[in-house]
Amino acid sequence: MQDCVVCVVGLSNNEKEPFPTRPGVGKSCFCFRFAYPGFDGYIDTHPSLLALHEFENPVINGSHFLYWGSPLKMFPSKGGEVSIRFHLLEQTVFYQDITSYPFNSVTKPDNVDHYIRRMIGPIESAGKHSYYSRDDICTTGQYTRFQYPTNLTKKPRGFVVVFDVSLADMELEMQCKRVEPILQYLCKNKKKVVIAVTKRDSHKIMSLQQAHELHKKFHVPLIETSARDDLNIEEVFRVLAKQLLSKKVPGLSDQIQKYDEAARHNLIQRGSAKRSFVSYLKKRITNSSETVASISYNEEFKECKRWIGQHSCSRLFAQHALELYNTKVDTYAGVVNDPIMRREFLEDYVDSRFDLDNHKIELRR
Ligand code: GTP
Ligand code: MG
């Protein structure tokens with residue numbers, strides 16, 4: 001097993017400016033998707049405006065970066081599967097809620113130069129804990145998952161430079177001004193770099209063009225991603241690992257999947273997982289008194305949940321159980337010819353067994 005450090009970088013604001021009112025460029029959401037994969041549980045709110053005691057909490061540990069854990073990922077390669085552990089860091093800027101300016105900004109202004117020095121410098125932070133969500137910071141110790149590993153400074157380190165393609169006009173221009181010096185420095189110093197386009201699902205055409213200009217100018221791989229739609233995130237890490245660990249994992253592919261291709265692949269996988277699950281239900285679940293809990297260890301269910309989530313799976317199950325029950329109701333004298341009575345029967349049945357507050361079931365009459 002190989003391991004490396006990945007720093008996800010990109011400033012969401014201009015030098016020495018107060019906390020930005022617009023959303024960040026997407027570093028945290030990108031990291032979240034990689035560290036905590038799966039359809040359910042995606043959290044997209046990771047604020048960088050903190051109270052002093054939160055900045056000093058072990059999750060932040062008084063430093064302007066987040067440790068997202070060290071996920072182990074398997075990739076296909078020519079010599080069989082390879083496993084790589086990624087120590088995942090997000091280099092950001094934390095702002096103090098009282099002043100709206102970065103913590104420690106008097107002694108160390110958080111301009112681009114300082115940011116670059118920080119991301120290539122020592123990254124030890126004894127006692128730091130991993131981050132999962134804002135709750136980790138507010139509730140000391142209760143949610144923290146992993147201790148920060150020691151000696152990370154000595155490990156191979158690669159950089160994911162984030163470029164938000166949902167920005168336009170002035171904001172786009174300012175982003176280019178912040179990203180260019182970072183890329184310039186990293187390339188000049190022969191660091192391993194990948195550009196990750198973020199928010200591709202809401203892209204502006206000019207912004208996407210700018211990202212590709214940077215890719216051509218600096219000759220670094222570019223991968224278009226969406227954390228919201230969970231597209232192409234792992235690709236970034238594979239391509240970076242290929243550069244960082246080329247001698248140790250020579251068989252790893254550095255092919256880049258196009259965004260549209262990733263979206264199509266995702267759609268096909270979802271459709272296929274759904275069809276297998278429905279087919280399993282039709283074959284195996286013949287009694288309407290079965291519950292979703294009874295199939296929670298089933299492989300078709302787990303695969304389907306991975307692609308469309310627990311909620312949609314429960315809905316498919318509910319529809320199937322309702323079909324069965326509806327057929328059963330046909331045999332009850334009096335109910336079959338009375339649509340109101342049938343509806344009440346079916347609705348009572350659904351209410352008694354599923355939490356369907358948020359979705360509607362089509363009742364066959
Ligand atoms: P700072 O650390 O404060 O610099 O911000 P950041 O770069 O970590 O940005 P963050 O990941 O917190 O994203 C900011 C906001 O952008 C999120 O709250 C989401 O609303 C939005 N966002 C992030 N990723 C995506 C994406 O893939 N698609 C869309 N449409 N929105 C996204
Ligand atoms: Mg962040």
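Which elements of the protein chain have the lowest and the highest mean pLDDT? In this predicted model, helix H10 (residues 339-353) has the lowest value, 71. Strand S8 (residues 192-198) has the highest, 98. The protein chain as a whole has a mean pLDDT of 87. A pLDDT of 70 or more is reached by 89% of its residues. Over residues 357-365 the pLDDT is below 50. This stretch still has 22 contacts in the model beyond near neighbours in sequence. Where pLDDT is low, predicted coordinates should not be read in detail.

The largest pocket has a volume of about 960 Å³. Its lining comprises 30 residues. Nearest the centre of this pocket lie Asp230, Glu234, Asn266, Arg306 and Trp307. Five elements are listed here, each supplying at least two lining residues: helix H1 (27-35), strand S4 (72-77), helix H7 (233-244), helix H8 (259-284) and helix H9 (299-330). H8 gives the most, with seven residues. By residue class, the lining of the largest pocket holds twelve nonpolar, six polar and twelve charged residues.

The lining of the second largest pocket divides into 14 nonpolar, 16 polar and 13 charged residues.

Key. Residues are numbered from 1 along each chain as its sequence is written. Chains are lettered from A and ligands numbered from 1 in the order in which they are written. This is a predicted model: local features need pLDDT of at least 70, side-chain atom pairs count only at pLDDT 80 or more; totals for chains, interfaces and linings use all residues. Side-chain values use heavy atoms; hydrogens and water are left out. On a 1 Å grid over the protein atoms alone, a cavity is a set of points where a 1.4 Å probe fits but cannot get out, and a pocket is an open set with protein on both sides within 12 Å along at least five of seven lines; lining residues have an atom within 4 Å of a point. Grid points are joined across faces, edges and corners, and a volume is the space filled by probe spheres set on the points. Helices (H or I, at least four residues) and strands (E, at least two) are DSSP runs, numbered from the N terminus. Ala, Val, Leu, Ile, Met, Phe, Trp, Tyr, Cys and Pro count as nonpolar, Asp, Glu, Lys and Arg as charged, and the others, Gly among them, as polar. pLDDT is the predictor's confidence in each residue, from 0 to 100. Contact means heavy atoms within 4.5 Å.
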